[in-house]
Amino acid sequence: MSHTESPMEGQQRQEEEDHGYGLFPERQKQGRGSFLSQSLFTFNHKCRVMLTIALDSSPYAKLLLDAMKKSGCTVFKDRHFSCEDCDGSVSGGFDAATSEIVLCQNNIHGQSHMNRVVTHELIHAFDHCRAHVDWFDNVKHLACSEIRAANLSGDCSLMSEVSRFKFGLKGHHQVCVRDRALRSILAVRKVSRETAERAVNEVFDSCFSDHEPFGRIPHNKHDAKYAYREFQNRDRYYGNL
């Protein structure tokens, strides 16, 4: 016997399949980005200026851009980044369907914050480039990339945690990575906390130990600069073989 879906069931199914797009309302619009919305002295203009600075000066971002280019996934600022208004709970996101990084122009207000968000989302883009990530249907794949992004982007650096009034615990870096990965999963997927925690726990050790393309955990800008020099030298070494 066929079943006719009721309006309530249809709405529930749509919410379950939302995949986090509800946090990024401008993803649903056609013809995003009018001239007025992108003009001078707007959130959008400020966002695009900070993005340019991040891509040009952040050693985290520069290393990731080089690594993606080397992997055959060259990133273009105008094609792969979009400054948009978002839900108040998020700062950015990676849209795997369009290979775009969304930067939440209404929630990113400082350059250091922009640098971290760009780095975090570029790590997702790097994972999308190098692996067959099932973002929408395999929560363990999502958990792994969220663990890597929290671990390698500076999200859990000492300064970032001090700004959140969270510091001083032994092994706190790993605690922070677990917490932020869990929060990210729950923000973009309609899964239970138990399901998200299980996914994080099952992949944590292997994904926390995966430091590519940095080769180390860059705890601060100095570490990131060193990792970037090492990456460049490694590239030159293999190029001369």
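A disulfide here is a pair of cysteine sulfur atoms within 2.5 Å. That cut-off picks out five disulfides in this structure, which is a predicted model, so local features need pLDDT of at least 70, side-chain atom pairs count only at pLDDT 80 or more, and totals for chains, interfaces and linings use all residues. Residues are numbered from 1 along each chain as its sequence is written, and side-chain values use heavy atoms, with hydrogens and water left out.

Let's stay with the disulfides. Count the bonded cysteines along the chain and the pairing reads 1-3, 2-6, 4-5, 7-10, 8-9. To place them we need the secondary structure: helices (H or I, at least four residues) and strands (E, at least two) are DSSP runs, numbered from the N terminus. We also need burial, where buried means under 20% relative accessible area, exposed over 50%, and partly exposed in between (1.4 Å probe, protein chains only).

Take the link of Cys 47 and Cys 83, whose sulfur atoms sit 2.0 Å apart. It joins distant parts of the chain, with Cys 47 in helix α2 (residues 43–57) and Cys 83 in strand β1 (residues 81–84), 36 residues apart. The torsion about its S-S bond is -80°, making this link left-handed. Both ends are tucked away: Cys 47 is buried at a relative accessible area of 2%, and Cys 83 is buried too, at 11%.

Now for Cys 73 and Cys 129, with an S to S distance of 2.1 Å. The link of Cys 73 and Cys 129 is right-handed, with 90° about the S-S bond. Cys 73 lies in the loop between α3 and α4 (77–80) and Cys 129 in helix α5, so the pair ties together parts that are 56 residues apart in sequence. Cys 73 counts as partly exposed, at 24% relative accessibility.

Then there is Cys 86 with Cys 104, S to S 2.2 Å. This link is left-handed, at -90° about the S-S bond. Since Cys 86 is in the loop between β1 and β2 while Cys 104 is in strand β3 (residues 100–104), the pair ties together parts that are 18 residues apart in sequence. Cys 86 is buried at 8%, and Cys 104 is buried at 0%.

The loop that holds Cys 86 also holds Asp 87. Asp 87 is partly exposed, at 32% relative accessibility. Leaving aside residues up to four places away in sequence, Asp 87 touches Leu 23, Pro 25 and Asn 107, where contact means heavy atoms within 4.5 Å. Its C-alpha atom is 9.9 Å from that of Tyr 21, a residue 66 places away along the chain.

Back to α3 for a moment. The expected span of a helix is 1.5 Å times one less than its number of residues. For the twelve residues of α3 (residues 59–70) that gives 16 Å, and the end C-alpha atoms are 16 Å apart, which agrees. Its buried residues are Pro 59, Tyr 60, Ala 61, Leu 63, Leu 64, Leu 65, Ala 67 and Met 68. Just after α3, Gly 72 takes a positive phi of about 90°.

Ser 99, in the loop between β2 and β3, has a positive phi near 55°. Ser 99 counts as partly exposed at 28% relative accessibility. The peptide bond from Glu 212 to Pro 213 is cis, with omega near 0°, and Pro 213 lies in the loop between α9 (193–208) and α10 (221–239).

Finally, the largest pocket. On a 1 Å grid over the protein atoms alone, a pocket is an open set of points where a 1.4 Å probe fits, with protein on both sides within 12 Å along at least five of seven lines; lining residues have an atom within 4 Å of a point. The largest pocket holds about 850 Å³ of space, the volume being the space filled by probe spheres set on the points, which are joined across faces, edges and corners. Of its 33 lining residues, Val 90, Gly 92, His 120, Glu 121 and Ser 184 are the closest to its centre. Helix α5 gives the largest share of the lining, six residues.
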